[in-house]
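Here's a quick briefing to read with the model open beside you. Have a look at the fold first, then work through the points below.

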Amino acid sequence: MATRLVAPAVNGSARCVLQAWWAESGDWVNEGDRICTLVHSPYAVTLRAIESGFLKLPDQAVPTPGSTVHQGQLLGWIFSPGNDLEDLPEIALPPLVTAEHWKVKRDVALLETARRAAGDRIPASPRARRRARERKLDLAAIPNRPATAPLRERDIAVPLDRPAASFDRVSPAFFQTELHWNSAGAPAPDSVVRAALLSLSRTAPTLHEGCLVRWTPSGWTMDFFESPAGATMSAAAARKKGLLEKTSPDREVSWLLCDALQSPFEVWLPGRVSHPIPRAAVVIALGALRQPAADISGRGKNVWSMKVTISCYRADGVSVPWDVWLERFREQLGSADPSGG
Amino acid sequence: MSRITYGEATVSVLLEKMRADPRLCLIGLRAAPGGHLQSAGPIVAKDFPKRVQELPSCERSLVGLCLGASLAGARPVVDLLPADWLLYSLGDLIYNVNPISHLTGGRVAMAPVVRALVGTHLSSGPFLSGTTRQVFRQLRGWRIGAPMSIQEGCAMLASALTDQQPTLLLEHRRLFELSEDVATYRPSDEELSDIWSRARVLTSGDHLTIVAYGFLSQVAFEAAQLLERQRVLAETIHLASLAPCDRQTLVASVAKTGKLVLLEDTPPQGSLLDGLLVNLLDYVFEWLDAPVLRIHNPSEPPAYSPALERYWQPAAETVAETIRTWFTKQEG
């Protein structure tokens, strides 16, 4: 019967360093002879043969001096005379120690307990909850909520950066473009930016999953803006507060929007609004489709819906967080009540 | 039927177990019977004079003696040592008991029972209040219990004296003022089997979860009743066993309510419940609806003066008011 040579815990540690071998595989060792020395600073343990016999080390993965040895690791065997050296058991190599071994593992059953006990509550990170509270959003009403993962801040705070897939799929007249604008001012897209920003400013408090701005061509030229959240603003009231000023149709804007709207229209620009973050560029993605919707008086009709996605980038290419950008934008708007009421 | 106090009830459990197990012995500080420490030594010594060892105030020797006896196969019980004094022996408790069991592959199993007094009461002051008990989190492999009633104290002690596992009982001084109309208290088998595995839900509620241990659970219970009158429904969870800890009950409750209050009579610079909280966050982080409210003692050392001492004793009214204010703010 072979005697197994197993690495002990040195200094209470499950890992230690093999300092030296004092015998080689195949050597005859007498009881009490040194075999190897293991070190875990400041302690060193010398393994000695507990019986006389031939020392057999594994054919593979013999720890070399200086390498790490784990508690319980099989270092070799001592065969007393009469044992068959060829009849060696399989070598059990210790598993590689990776970062995974050091990670505190979560109990899946406990996670399930939490999920069951929570009932209808929506899992969300504290930041996401705070954002939702600030914007008076119901977590359960957040569209495209992850099925299993908890809501994160990005699901609520920067929805405009994520176009809605369903919108793209159903859109027969969908088109998307990018316009770049900065404070130095490319004049044509500026108009679009400003018009979009004004619309967004109405919907931002309850903004989620993109901003769907609905209007009819006459809606723009008449009196109302509509937002997906149902908030409406009288253009007259906005004009009275100095938030709007009428400009002539812009050529690029006309091209861009007329293509979607297939009718002439006018753009109302918010007065006093300039780009809130100097030397930054705004990238707008526009998408439009014609779909049934109710107009302001509740009548059903086909209207053009337009999706506006805005991202803001600094000159160095770093993305500016949406809420920072929006905050600056609101400051630009001043203290005027945007509700029009 | 006479009234029985916490001290008398636990001593009766101790005597009963000592009759049944000749390996049990008592090691305690030499103190007058019925004195401040309510030592069981003089009472037990009447029946088992050779199995009681009373020493002067030399805590390290006392614990060292206990561990040595444990190594030799005895079942020593350290009797009512103020938790602060255990700090002198912390190295022995941490490095000797559990590691020896591991290093010997379980062949040498030490199972001492240490009863430690905690709580600011009766002028225990800065040196006897056990306000630094958070260090006992380092006692890996130990069971740590904190009873809130006579029944629970007896059940935990009986279980500790029976099972082969090192056990630390944190017994609040105010427990010794409790009394009940029972002749003796014998914990049932069911109590003994559950006492280390189940946290007790004292009150049920949907609005918030209050977690406490030891005598503070009584305070939490009373606070929950006061809150209920103000339509704040608190689920009060009493952790009789801090290690092992019934995370199942805690996780289920916090996931349900979304708000967690930790109540503990230690300074805010670290506590036994803080360690639990870190562990708990692994499971309830996304279910929390508000920052965790921790209600603690002041960070200053407790005063001797009885007039000042009450500032270190959380009262149900104060706790309820703190929780109500916090809850109202969170609900906006």
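Among contacts in chain A between residues at least 6 apart in sequence, 68% join residues at least 24 apart; a contact here means C-beta atoms, placed from the backbone, within 7 Å. Keep in mind that this is a predicted model: local features need pLDDT of at least 70 and side-chain atom pairs count only at pLDDT 80 or more, while totals for chains, interfaces and linings use all residues. Residues are numbered from 1 along each chain as its sequence is written, and chains are lettered from A and ligands numbered from 1 in the order in which they are written.

**Chain A overall**
- Chain A has 10 helices and 16 strands, taken as DSSP runs numbered from the N terminus (helices are H or I, at least four residues; strands are E, at least two).

**A sheet in chain A**
- In chain A, 4 strands make an open, antiparallel sheet in the order β5-β4-β2-β7, where pairing takes at least two DSSP bridges between two strands.
- β5 (43–48) and β7 (68–70) of chain A sit at the edges with a single partner strand each, so one side of each has no neighbour in the sheet.
- From one strand to the next, the twist averages 40°, using axes fitted to C-alpha atoms and angles from 0 to 180 degrees between N-to-C directions.
- Strand β4 (residues 34–40) of chain A is joined to β5(A) by 6 bridges, and A:Thr37 has A:Thr46 in β5(A) as its bridge partner.

**Nonpolar cores**
- The largest nonpolar core holds 101 residues, and B:Leu81, B:Ala116, B:Ile210, B:Val211, B:Val251 and B:Leu263 touch the most other members; such a core is a set of buried Ala, Val, Leu, Ile, Met, Phe, Trp, Tyr and Cys residues joined through C-beta atoms within 7 Å.
- Helix α7 (residues 150–162) of chain B is the top contributor to this core, giving 8 residues.
- A separate second core has 16 residues, including A:Val10, A:Leu47, A:Leu55 and A:Leu57.
- Beyond its neighbours within four places in sequence, B:Ala116 has contacts that include B:Leu81, B:Pro82, B:Gly130 and B:Glu171.

**Where the chains meet**
- On chain B, 16 residues are in contact with 16 residues of chain A.
- α10 (247–257) is one of the chain B helices supplying at least two residues to that side, and α10(B) gives the most, with 6 residues.
- The chain B side splits into 9 nonpolar, 2 polar and 5 charged residues.

Terms used:
A residue is buried if 20 or more other C-beta atoms lie within 10 Å of its own, exposed if 12 or fewer, and partly exposed in between; C-beta atoms are placed from the backbone. Two residues are in contact if their C-beta atoms, placed from the backbone, lie within 7 Å. Ala, Val, Leu, Ile, Met, Phe, Trp, Tyr, Cys and Pro count as nonpolar, Asp, Glu, Lys and Arg as charged, and the others, Gly among them, as polar.
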